[in-house]
Each structure stands twice: as structure tokens, then as C-alpha cells.
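Please look over the model below before reading my comments. They are set out as numbered points.

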Amino acid sequence: MTKSAADEEILAQEVSELDEDALIRTLATGRREGRDTSQEVEALLEVTAQENRAALDRLAK
Amino acid sequence: MAPSNGWEVVYLELDDFHRAAAKALNLDLTTVRSITNETLAGSALAAPAAGFGDFEQYPEFATKAAVLIQAVASNHALPDGNKRTALLCGALFCQLNGFAWIPPEADDPDGTESAEVIEAVSTRSVPLGALTAWVGDRLLAVPPALPKSLAQRPPLVIYPAEYVGDLPYADHTVTIGELVIHDVHGYNPAGVYVRRISGKTEGISVAEIIISAVGDGYAQEELDAENAEAERYPLGVKEFWRSRLVGKAVYGKDGHPMTDEEFESDWAEGEQS
């Protein structure tokens with residue numbers, strides 16, 4: 001079985017999206033249940049900052 | 001658009017604002033707290049919940065997110081970095097309510113679109129309706145978690161799309177993830193043919209898997225027979241596949257049945273390639 005680089009990239013992206021989805025679910029549920037969600041907030045802000053790095057850098061100029 | 005999970009909308013708190021600002025400005029939380037005008041920040045965070053009694057001024061979720069971004073960007077609760085904080089607060093507000101924030105394609109590679117929109121929003125030169133539409137395009141509902149019974153199962157083997165090859169089996173048994181097929185007889189190794197129904201990478205949700213356990217050429221024969229049937233279809237090949245896929249094939253991340261528009265789009269893309 002051969003797996004192209006594109007296939008690997010797609011799979012890695014899907015896994016990363018699954019992680020982000022899980023974080024969002026944990027945050028949304030935790031906040032409604034009154035739990036401390038600061039870790040989820042920090043993690044999601046980090047992900048969002050990375051995904052929007054170029055836009056944030058432009059806005060900083 | 002209501003929150004994806006049907007829950008009541010949850011709004012950002014001052015601590016969320018501080019953390020977003022700390023991330024945007026690359027500062028520690030203590031410093032950010034000391035430079036934040038909490039009255040202005042609190043006012044911005046409360047803006048999407050505006051209303052009176054049972055009357056909500058912004059009942060649509062995307063509008064609430066747009067109002068929040070606009071308020072944080074233009075209220076100047078921080079001496080610097082309000083626009084960056086607005087972008088992060090907008091995304092966090094959506095995530096808190098079950099949506100992922102998808103940056104626009106035009107942001108690649110230099111963040112142009114998001115930066116220009118937020119820049120214009122900070123001077124209130126973008127109408128709220130236009131900003132709401134832009135925000136709506138950023139939202140992707142996060143699918144609900146798998147039931148525990150499914151989530152605890154070992155992961156299925158995922159074969160690359162459009163793979164054709166051998167699937168060896170021992171003792172007349174084929175195993176794909178948790179699926180175990182016993183009493184398989186025929187020529188060893190079996191042939192396996194996997195193809196994706198959708199041509200778009202983001203649309204891969206269902207693969208058609210044909211396992212040929214009684215002859216290596218069987219899977220290809222199946223496909224050839226299907227293509228021959230399509231050729232004979234009175235309304236043509238395209239209509240044959242439309243009848244097979246629209247409303248039946250699972251499509252997109254949320255697994256909805258493929259729509260006619262999605263079929264048309266995929267078909268046009270396939271003809272171009």
C-alpha cells in the first residue's frame with residue numbers, strides 16, 4: 001500500500017480538526033456546567049491565534 | 001442561526017477578554033488586567049446580549065458575534081491591540097457556543113481579508129448586516145461527540161482514498177478495523193478497491209469499499225458494470241450519478257445528504273480536472 005504525501009497531509013489535518021472539535025465541545029459543555037474552563041480557553045486561543053497568525057500580524061502593524 | 005447544539009447562548013466573561021488580549025498582545029494576564037478599562041470591556045462583552053425583558057435586539061447568533069467583534073474593536077478598552085483582541089474574542093465566542101471559526105480562503109498567505117474586515121469594523125465603516133454575513137461564513141458547527149459506546153471502540157482502519165490493492169487474509173478471515181468477516185473463501189490475497197464518492201477533500205465522508213474475496217478482478221468488474229449502466233441510462237451519465245448520489249450520499253463534515261448544488265459543483269470540478 002502506498003500513501004501519498006497529500007493523503008498524509010489530509011489525514012493529519014482531519015486529526016487536528018478532531019482535536020479542536022473536542023476542545024470546543026469540552027469548553028461549551030464545561031462553561032454551561034459551571035466548571036473551570038480556563039485551560040480550554042487558553043488552548044483554543046492558541047489554536048485560533050496560530051490559524052489567524054497572518055491576519056493578527058497585519059493588524060499589529 | 002442558533003448555536004449548533006440548540007443550547008442557550010453563553011456570553012464571554014471579563015476573564016475571557018483578558019486571556020484573548022493577553023494572547024493577542026503576547027503579554028501576561030497580570031499586565032493585561034492592569035491596562036484594561038473594565039467598564040469599556042464589560043460594555044463590549046454585554047453588547048451582543050442587548051435587549052429588554054424577553055426582547056432580544058440580536059436574536060441571530062451570527063449577528064451577536066458580529067456585534068461583539070464590532071464592540072471590542074471600537075470600544076478601545078485597551079491602549080493597544082483592540083482589533084487583534086476583537087478577532088480572538090469573536091472566534092472564542094463562537095467556539096464557546098459550539099462553532100469552529102474558519103478563516104477565509106483569501107487570508108492565505110498574508111491574512112488580508114480578516115485584517116481588512118476587522119480594520120474597517122474598528123472604524124464602524126462596515127454595516128452590521130455585511131459583517132454578520134462575513135461572520136456567518138466563518139462558522140462551522142462542531143458535530144456532537146460520538147456516543148460513549150462508539151467512542152470507546154478502537155479506531156477503524158482508514159485506507160487512503162482511491163486505493164486499489166491487496167487485502168491479505170489468514171484462516172479465511174478478513175479484518176477491517178472492528179469488522180471481522182469470517183468464512184471468506186477464494187483466492188488469497190483478496191483484492192480491495194476503495195474510492196471516494198466526493199471529489200473534494202473536505203467532503204470525504206464516505207468511501208465505497210468493494211472487497212473482492214473470490215477473484216482479483218471482481219471489484220473492477222463491479223465498477224465497469226456500474227459505468228456501463230451509466231452509459232445506458234436514458235438521461236445520460238450525469239443524471240445516472242445524480243440519481244445515485246443526491247439525497248443519498250453522505251456529504252460534508254456534518255454528514256448531510258448531498259444536495260443538488262453540491263453534486264453540480266463536484267461534477268463541474270470533475271469535468272475541469
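1. Residues are numbered from 1 along each chain as its sequence is written, and chains are lettered from A and ligands numbered from 1 in the order in which they are written.

2. Chain A puts 28 residues in contact with 36 residues of chain B (contact: C-beta atoms, placed from the backbone, within 7 Å). On the chain A side, helices H1 (5-32), H2 (38-51) and H3 (53-60) each supply at least two residues (helices are DSSP runs of H or I, at least four residues, numbered from the N terminus). H1(A) gives the largest share, 10 residues. By class, this side of chain A has 14 nonpolar, 2 polar and 12 charged residues (nonpolar: Ala, Val, Leu, Ile, Met, Phe, Trp, Tyr, Cys and Pro; charged: Asp, Glu, Lys and Arg; polar: the others, Gly among them).

3. In chain B, helices H4 (residues 61-75) and H5 (residues 82-96) pack at about 155°, with axes 8 Å apart (axes are lines fitted to C-alpha atoms over the stretch in contact; angles run from 0 to 180 degrees between N-to-C directions). H4(B) is therefore roughly antiparallel to H5(B) (over 145 degrees). Among the residues making the contact are B:Leu68 and B:Val72 of H4(B) and B:Phe93 of H5(B).

4. Chain B has a mean pLDDT of 79, with 69% of its residues at 70 or more (pLDDT is the predictor's confidence in each residue, from 0 to 100). Residues 156-162 of chain B fall below 50, and residues 196-208 of chain B stay under 50. Where pLDDT is low, the predicted coordinates should not be read in detail.

5. For the complex, the predictor gives an ipTM of 0.79 and a pTM of 0.61.

Conventions
This is a predicted model: local features need pLDDT of at least 70, side-chain atom pairs count only at pLDDT 80 or more; totals for chains, interfaces and linings use all residues. Two residues are in contact if their C-beta atoms, placed from the backbone, lie within 7 Å. Angles under 35 degrees count as roughly parallel, over 145 as roughly antiparallel, 65 to 115 as roughly perpendicular and the rest as oblique.
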